[in-house]
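Here is a short report for a reader meeting this structure for the first time. Please look through the sequence and the model before reading on.

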Amino acid sequence: MFNDLNKKVAVITGGSKGIGNAIALRFAQEKMNVVINYHSDEAGAQAAVDEIRENGGDAVAVKADVSTETGVKALLQAAIDNFGGLDVWVNNAGMEIQTPTHKITLEEWNKVIAINMTGVFLGAKEALNYWLDNDRTGNIINMSSVHQQIPWPTFASYATAKGGVKLFTETIAMEYAPKGIRVNNIAPGAINTPINAEKFADKAQYEQTQSMIPMLKIGDPEDVADAAVWLASDQAKYVTGTTLFVDGGMTLYAAFQDGKG
Ligand code: NAD
């Protein structure tokens, strides 16, 4: 338990499913009040709200596109209107498009950058302005990826966006540290969520991914949520500008496992 989180208010983007959903449910275990953003899956977001309320927490579901200013403003407003403020902003929403780089259209490129990277900027800007205007502190958690570090052919737009999120996190962590505002990144490895559903439904692809992980296990969304709740809490009060890898060791170069090379 992280007692300091009791009654704190969080916005979680892309919270209707996958990692965002697990973070919403984990935050609710700490009796936090949660704004669950969704883009299209209203039923998923509402199910999370219901589960949180049944367990003694509180939440609202808010439809918004994180790649727009109106979208992120609506999320902040929902936090203020429903729960009286904001303490934690989780930029979790993301998506990927696989295309050989010489074939990706400008429209596809812009979409991936807009949601995965510009959306992080817009969400962070909204949260920062709220805390600065109200002489408050808070913390931001950005959902990056092991692909902020590992190059990923045919996913150049995604890897570029996540690399951008890494340096954005580090830059604003430094910029706002004197104000008591913390900003951190979580870099998941391969996690069993809808973004990977098609790939992991194929046994061969599932096993191939597994073999790239020293712990030989695909992660669960709850593994990432456990990292997020710690970063959000005062137990991480001296932690800012870092990336916490939650990847079963994927970034350790598993190909070197047997001592060759
Ligand atoms: P997911 O597809 O289950 O969830 C992504 C969420 O983002 C969905 O709820 C989706 O509706 C939302 N979203 C997409 N576009 C949006 C928009 N414009 N506005 C608002 N919401 C939008 O995938 P996930 O695995 O839970 O991914 C969550 C985050 O974790 C993403 O940033 C992803 O890049 C990152 N990540 C995931 C993995 C993994 O293996 N699952 C690995 C590394 C990083």
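## A buried aspartate

Asp-87 sits in the loop between helix H3 (69-83) and strand S4 (88-91). Helices here are DSSP runs of H or I with at least four residues, strands are runs of E with at least two, and both are numbered from the N terminus. Asp-87 counts as buried because its relative accessibility is 11%. Buried means under 20% relative accessible area, exposed over 50%, and partly exposed in between (1.4 Å probe, protein chains only).

The side chain of Asp-87 makes a polar contact with the side chain of Arg-136, at 3.2 Å. A polar contact is a pair of N or O atoms within 3.5 Å; within protein, one must be able to donate a hydrogen and the other to accept it, and residues adjacent in sequence count only if both atoms are side-chain atoms. Leaving out residues up to four places away in sequence, Asp-87 touches Lys-8, Val-9, Trp-131, Arg-136, Gly-138 and Asn-139. Contact means heavy atoms within 4.5 Å.

## About the model

The model is predicted: local features need pLDDT of at least 70, side-chain atom pairs count only at pLDDT 80 or more, and totals for chains, interfaces and linings use all residues. Residues are numbered from 1 along each chain as its sequence is written, and side-chain values use heavy atoms, with hydrogens and water left out.

## Around the ligand

The ligand is surrounded by 27 residues (a heavy atom within 4 Å). The closest are Ile-19, Asn-92, Tyr-158, Ile-191 and Thr-193. Helix H1 (18-29) and helix H5 (156-176) each supply at least two residues of this shell.

For Ile-191, a backbone N or O atom lies 2.8 Å from a ligand oxygen. For Gly-94, the distance is 3.4 Å. The protein covers 94% of the 820 Å² of accessible area that the ligand has on its own (Shrake-Rupley method, 1.4 Å probe).

## The nonpolar cores

A nonpolar core is a set of buried Ala, Val, Leu, Ile, Met, Phe, Trp, Tyr and Cys residues joined through side-chain atoms within 4.5 Å. The largest has 34 residues. Among those that touch the most other members are Ile-23, Phe-27 and Val-88. H8 (221-232) gives two or more residues to this core.

Beyond its neighbours within four places in sequence, Ile-23 is in contact with Ile-12, Val-90, Met-143, Ala-225 and Ala-228. A second, separate core of 26 residues includes Val-60, Leu-75, Ala-78 and Leu-86.
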